[in-house]
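Subject: Structure handover

Hello,

Here is the structure for you to open. My notes follow below it.

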Amino acid sequence: QVQLVESGGGLVQPGGSLRLSCAASVSIFSFNAMGWFRQAPGKQREWVATIFRGGDTNYADSLKGRFTISRDNAENMAYLQMNSLKPEDTAVYYCVVASWGVRWDYWGQGTQVTVSS
């Protein structure tokens, strides 16, 4: 079983930056993809970004240019760098893994990001 633990969330002012981390309990080298989702209060869960085994990335159109996903296979870590944050970015952010296929089969517990003055 893969365990994912997110960290780095917190309160940040609009226009600020935050870097989320995701620590995996096992090697992520062979994972098909890792990614991030978020869920804002009263809204449906929303896909944020994906990074594939080979390093290619995909982003939600609305976030492209502000958010950057990365991973460090040696450290079994994934990251989400969030810049130019807006209040509407406020959400619980979840780290996810597609271990072998296209389905997100492992989820972290989430970390709260609040963008507010």
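S84 sits in the loop between β8 and β9 (91–98); strands here are DSSP runs of E, at least two residues, numbered from the N terminus. S84 is not a glycine, yet its phi is positive, about 50°. Most residues other than glycine have a negative phi. S84 is partly exposed because its relative accessibility is 42% (buried is under 20% relative accessible area, exposed over 50%, partly exposed in between; 1.4 Å probe, protein chains only). N76 also has a positive phi, about 55°, and is not a glycine. N76 lies in the loop between β7 (67–72) and β8 (77–82).

A note on the source: this is a predicted model, with local features needing pLDDT of at least 70, side-chain atom pairs counted only at pLDDT 80 or more, and totals for chains, interfaces and linings using all residues. Residues are numbered from 1 along each chain as its sequence is written, and side-chain values use heavy atoms, leaving out hydrogens and water.

Now the rings. The whole structure holds 3 aromatic pairs (rings of Phe, Tyr and Trp, the last by its six-membered ring, with centres within 6.5 Å; planes under 30 degrees apart are stacked, over 60 edge-to-face, the rest tilted). One of them is F37 with W104, edge-to-face at 6.0 Å centre to centre and 85° between the planes. F37 is in strand β4 (residues 33–39) and W104 in the loop between β9 and β10 (106–107), so this pair ties together parts 67 residues apart in sequence. Both residues, F37 and W104, are buried. F37 and W107 form a tilted pair, because their planes lie at 45°, with centres 5.0 Å apart. W107 is partly exposed, at 34% relative accessible area. F37, Y94, W104 and W107 make up one aromatic cluster.

Best wishes

Terms used:
Helices (H or I, at least four residues) and strands (E, at least two) are DSSP runs, numbered from the N terminus.
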